[in-house]
Amino acid sequence: MIIRHEGQGLLAITQPDHARLAGVFAESWRDGAGPSLVAASHHHDDGWIDWEKAPTIDEQGRPHDFLTVPTDERVAVYRRGIDILAANDLAAGLLTSLHFRRLLAGGLKALQGDARRIAEDFLAEQSAWEAQTRRQLGEPEGLEADYRVLSAVDYLSLLLCMRPLDKLDATSVLTMRMTVERGGVILDPYPFDAGELTATVAARVLPATTFDDGEAYRSALAAAPVRELNWTLARPPH
């Protein structure tokens, strides 16, 4: 779940919906994206589908998002997502494993105790699986380039979902820079084939930021109105 504060309440966007947006970006990538990269972009967060059916809150009653969910649950979600993709497209599973392993490794220093042990076990497990899978796929060329695209479309989608438009100006997306002009988002350098790309994601509107218990939160989610968030992405005017 992506949780964004708005006024006195929250906007809640599911991880799979955010990933579908990343998939739209991959489909439009200027240099072309192969089917495994497109599949990984669209479906890398499918491991969250079951979790999203019964999302949880923390001890203060705040909804968990993808960053605050306990490490054991997050690792289980990552593992499930990799398995789902690898069952149908081994190369897509490999890309997703690279993506999650490197994300988790980047935050390893902040973890302690059992959380650190769980994360390290996952990193070792995935490193071994990736090495085996690379050999099985014949050491595929272009894997690192595809990984960089997956990271870019994922991060672009996350930024759009997590921040209001006025907080996106002058934000970096890896090698790109975002500028907000006339209600649209300019990306420089522009990464897509289309001269202009429209992006949409569904957000549920919650009236409060904390809840008495998990059931109250899940009931509020079920009853929440859905708002479409829309962006227009375009190339620099020059």
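The buried residues of α1 are Gln15, Pro16, His18, Ala19, Leu21, Ala22, Gly23, Phe25 and Ala26; buried means under 20% relative accessible area with a 1.4 Å probe, protein chains only, while exposed is over 50% and partly exposed in between. Before I go on: this is a predicted model, where local features need pLDDT of at least 70, side-chain atom pairs count only at pLDDT 80 or more, and totals for chains, interfaces and linings use all residues. Residues are numbered from 1 along each chain as its sequence is written, and side-chain values use heavy atoms, with hydrogens and water left out.

Helix α1 covers residues 15-27; helices (H or I, at least four residues) and strands (E, at least two) are DSSP runs, numbered from the N terminus. α1 reaches 19 Å from first C-alpha to last, close to the 18 Å expected, where the expected span is 1.5 Å times one less than the number of residues. At its N-terminal end α1 is capped by Thr14, with a side-chain oxygen 3.1 Å from the backbone nitrogen of Asp17.

Next, the core. A nonpolar core here is a set of buried Ala, Val, Leu, Ile, Met, Phe, Trp, Tyr and Cys residues joined through side-chain atoms within 4.5 Å. The largest has 58 residues, and Phe25 and Leu233 touch the most other members. Helix α7 (residues 143-162) gives the most to this core, 11 residues. Leaving aside neighbours within four places in sequence, Leu233 has contacts (heavy atoms within 4.5 Å) that include Phe25, Leu156, Leu160 and Val185.

Now the sheet. It is open, with 7 strands in the order β1-β2-β6-β7-β5-β4-β3 and mixed pairing; strands pair if DSSP finds at least two bridges between them. Its edge strands are β1 (2-6) and β3 (171-173), each pairing on one side only. α1 lies across β1, β2, β6 and β7 (226-234), at about 175° to β6. Helix α8 (residues 214-223) lies across β1, β2 and β6, at about 130° to β6. For these angles, axes are lines fitted to C-alpha atoms, for helices over the stretch in contact, and values run from 0 to 180 degrees between N-to-C directions.

Why is strand β5 (residues 184-188) described as largely enclosed by the rest of the structure? Because 4 of its 5 residues are buried. β5 pairs with β4 (residues 176-181) in the antiparallel sense over 5 bridges, and Thr179 stands opposite Ile186 in β5. With β7, β5 pairs in the parallel sense over 2 bridges; there the bridge partner of Ile186 is Ala234.

Conventions:
Polar contact = N/O pair within 3.5 Å; in protein donor to acceptor, adjacent residues only side chain to side chain.
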